[in-house]
Every structure is written in C-alpha cells, then in structure tokens.
Number of protein chains: 2
Amino acid sequence: MRKLKIGLIRVVTLLDGSLLKAHEDLLLSRFKNFEIETQSIENQPEGIHDEETKNIAVPKIIKLAQEFEKKRVDVILVSCADDPAVEECRSLLHIPVVGAGSACASVSLSIGNKIGILGITDKPPRVMTNILKDKLVYSIKPERVNSTLDLFKEEGKKNALKAAIILKEKGCDTIALACTGTSTIYLREDIEKMIKVNVVDPVIAAGLIISYLHL
Amino acid sequence: MRKLKIGLIRVVTLLDGSLLKAHEDLLLSRFKNFEIETQSIENQPEGIHDEETKNIAVPKIIKLAQEFEKKRVDVILVSCADDPAVEECRSLLHIPVVGAGSACASVSLSIGNKIGILGITDKPPRVMTNILKDKLVYSIKPERVNSTLDLFKEEGKKNALKAAIILKEKGCDTIALACTGTSTIYLREDIEKMIKVNVVDPVIAAGLIISYLHL
C-alpha cells in the first residue's frame with residue numbers, strides 16, 4: 001500500500017534534529033504506513049502557552065501548511081493541543097488537517113465517561129473543552145510547569161505524575177494530555193504504569209485519526 | 001504482540017452467520033491484531049430505529065456486555081450509531097466500552113469542520129449531535145429508508161447515495177454515517193468513489209478507537 005505522506009508542524013522552534021523529529025519518530029514507531037516531514041515554526045523557542053503566543057504562531061503555521069500542500073503531502077498534522085490555525089487551514093487548504101488537541105479530546109470522548117485534562121496552561125485548550133463539554137470532570141496544570149520546556153525537567157515530570165494521581169482521585173476514568181510535550185517525554189506510559197486509567201496521548205491520537213484516512 | 005480481544009455486540013437480531021459476522025469481518029480486514037467474538041441481542045429483527053426499540057434493547061446489551069466481561073475480553077464494542085447502553089456499561093464494567101456512534105462523531109470532528117449526518121432515523125442519534133454540536137451542518141435520512149434492513153435493498157442504497165450528494169451540496173466536508181448498517185453495505189467506499197468528501201464509517205471508527213488501546 002502507498003504510504004500516507006504527512007506534513008507535521010511543530011509549534012515550538014526546535015533547532016536540535018532529534019527533538020525536532022521526536023513526534024515524527026513517535027508516530028513512525030506506531031504507524032508503519034506513514035511518511036513524515038517535520039517543520040517547526042520560527043522564532044518561538046518557548047512554543048505556545050497563552051493567547052499571545054498562539055496569535056503570533058497562527059500565520060506561521062498557515063504558511064508552513066500551505067508550503068506542505070504545495071509539496072503534495074496527503075494530510076497536515078498541527079502538533080499542538082491548542083489546535084492553533086487548524087480551522088483556518090481546513091478552510092484554506094484542500095487536504096485534511098488534523099490537530100492534536102481536537103484529536104486527543106475526540107479519542108478521549110470515545111473511550112471514557114469522565115475525562116480529566118492534564119496540560120500546561122491555567123485554562124485548558126478551548127478546542128478540547130469545547131469537545132469534552134460536560135464529560136470534562138477536572139482540569140489540572142502540574143506545579144511549576146508553565147511551558148512545554150518545563151516537562152523536560154525532572155521536577156516537571158514528577159509533578160505531572162502527581163497531577164495524574166489527582167485526576168484519578170477526582171474520579172476521572174480517562175486523562176487527556178493537553179500538551180504535545182507530554183508525548184515527547186512518553187508521559188502516557190509512565191502514568192499507565194502507575195495507575196489504572198486510560199491516558200490519551202495527543203500525538204498518537206492525531207496519528208490514529210490520520211490513519212483512518214487509509215483504512 | 002498479544003491480540004486485543006473484543007466482545008462485539010450487534011443490536012439487531014441476526015440468525016444468519018455471515019450477516020452476524022459482517023462487522024467482525026470488516027474489522028478483521030482492517031485491524032490485524034483484533035480477535036473478535038460477536039453476539040447479537042435477541043428478538044429484535046429490525047434492530048434499533050427509535051426511542052422505544054432503543055429502550056427495549058438496553059438491558060439486553062448490558063447483559064451481553066457483562067457476559068463478555070466474564071469471558072475476559074479486553075474491550076466491548078456496541079455496534080450501533082446510537083450508543084445504546086454505552087454509558088451504562090461504562091459505569092457497570094471494568095473494561096473500556098466503545099460505541100460506534102460516539103466513535104464516528106468523534107473521528108468526524110477530528111477530520112472536518114462541517115459535518116453532515118446520514119442516518120436512518122428522523123432525528124439523528126443524540127450521542128452524535130451532542131458531540132458534533134455546531135459543527136453539524138445538516139442531517140439527512142435517505143428516502144424510504146426507515147430501518148437498517150432498508151439499506152440492503154437496491155433502492156435504499158441508491159437513495160443513500162443521493163442523500164450523500166445533498167450533504168455535499170449543503171457544504172459538508174465530512175459525512176458521518178449514523179447507522180452501522182451502512183458499514184455492512186460498504187457505503188463509505190461508494191460515496192468516496194462518487195464525490196470528494198471524507199466519509200466516516202461507524203464500525204471502522206469504533207475499531208480505530210479500540211486500536212488506540214494497543215498503540
């Protein structure tokens with residue numbers, strides 16, 4: 001079968017090759033028929049973590065998506081739990097556009113009844129709360145985690161695991177991870193080893209939705 | 001890798017072996033690591049097509065789901081676009097329960113902006129409209145299709161294709177098929193051959209969500 005060509009957009013500027021390719025590698029390890037090219041937006045080393053940084057990123061994402069479309073990829077993946085520019089790209093482009101946030105929320109909704117969001121922003125991504133609505137039981141940001149970079153620190157990961165335990169205690173049967181930095185550090189695996197709960201990884205959820213196109 | 005054991009519940013009474021196994025076969029053709037046992041509920045040869053037939057089916061579905069759990073399946077699939085008994089089973093059982101309706105709506109929401117529902121009931125399944133909310137552009141029931149059985153008739157399938165064209169004309173970029181009988185007749189393929197639109201098949205969408213559990 002022909003491989004599915006994916007244009008993957010990272011919304012944090014990554015100059016290091018292995019970090020840049022982290023989501024690409026994660027997806028390739030799970031989906032054998034994917035062919036992926038990754039690009040990251042320019043001049044945003046801290047990524048998207050509030051309205052302002054989101055607004056600055058949107059036109060950069062649209063530009064990358066349009067370039068990918070010209071290169072004839074089959075589908076665009078915007079690898080950010082906030083789905084920045086996803087609606088806009090869907091209107092402007094002629095190929096499917098998948099956002100990690102809507103994919104993660106949607107997959108969560110198909111698995112569980114009581115969903116918790118674990119993210120890096122004070123308010124959870126609107127695209128996710130809009131989808132989860134009354135199935136959203138509780139939303140949490142780990143202590144001292146304010147951007148995707150904080151997840152890479154020992155303390156950040158430890159506090160993210162603590163946050164997962166709190167969501168479980170609040171009665172959540174499913175945790176939707178609301179930052180794709182959690183995919184980079186394989187947080188899903190660590191939570192599932194620690195407690196019995198479904199954990200939805202935003203990058204894998206996006207890959208799952210993309211894989212539908214070839215099923 | 002160990003196969004994922006699925007208890008698949010058909011909500012229409014099917015005595016014919018090949019019809020009974022239609023969704024099982026469709027899933028096995030797409031997901032190589034599935035192992036499926038199918039059971040259909042008793043005494044409902046016309047399936048679920050309104051509130052009354054849904055209410056009668058719910059306790060039968062719960063009973064089958066509990067029997068499957070005792071047999072130690074990994075996950076339950078309720079193969080009906082109305083998600084009958086899915087919430088109840090999620091509360092009662094200790095394993096994940098996936099409904100074809102919520103899975104189909106969720107996958108649609110992750111692919112498109114303007115969703116159309118094509119089903120067999122005057123009102124589309126509530127579980128799907130609840131998920132799609134303002135992304136639902138239009139909902140349609142093909143002429144002279146009033147139960148899943150009508151889809152198997154030449155005229156029923158022809159009218160279903162006409163309905164898909166109307167959804168496209170209404171501006172839908174994605175069609176969510178709101179009856180798992182459409183999966184049995186491979187309606188998705190026929191629509192995609194005919195017009196450029198994303199079509200989400202409820203049984204395959206449910207399989208997709210289930211496959212997440214092993215990714």
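Reading the A–B interface and its residues

The side chains of A:Glu87 and B:Lys135 are joined in a salt bridge, with 3.2 Å from N to O. This is a predicted model, in which local features need pLDDT of at least 70 and side-chain atom pairs count only at pLDDT 80 or more, while totals for chains, interfaces and linings use all residues. Residues are numbered from 1 along each chain as its sequence is written, chains are lettered from A and ligands numbered from 1 in the order in which they are written, and side-chain values use heavy atoms, without hydrogens and water.

User: What makes the pair A:Glu87 and B:Lys135 a salt bridge?

Analyst: The term requires a side-chain nitrogen of Lys or Arg within 4 Å of a carboxyl oxygen of Asp or Glu. The N to O value for A:Glu87 and B:Lys135 is 3.2 Å, so the pair meets the rule. Across the interface of chain A and chain B, two salt bridges are found.

User: Why is B:Lys135 called buried?

Analyst: Buried means under 20% relative accessible area, exposed means over 50%, and partly exposed lies in between (1.4 Å probe, protein chains only). B:Lys135 has 18%, and therefore counts as buried. B:Lys135 is placed in the loop between helix H6 (126–132) and strand E6 (136–140) of chain B; helices (H or I, at least four residues) and strands (E, at least two) are DSSP runs, numbered from the N terminus.

User: Why is B:Lys141 called partly exposed?

Analyst: Its relative accessibility is 25%, which is why B:Lys141 counts as partly exposed. B:Lys141 is in the loop between E6 and helix H7 (154–169) of chain B.

User: How do you know how much area chain A and chain B bury between them?

Analyst: Buried area is the accessible area (1.4 Å probe) that two parts lose on being put together, summed over both. For chain A and chain B the value is about 2,800 Å², with 57% of it on carbon and sulfur atoms. A:Ser110, A:Tyr212 and A:Leu215 supply 27% of the area that chain A buries against chain B, more than any other three residues.
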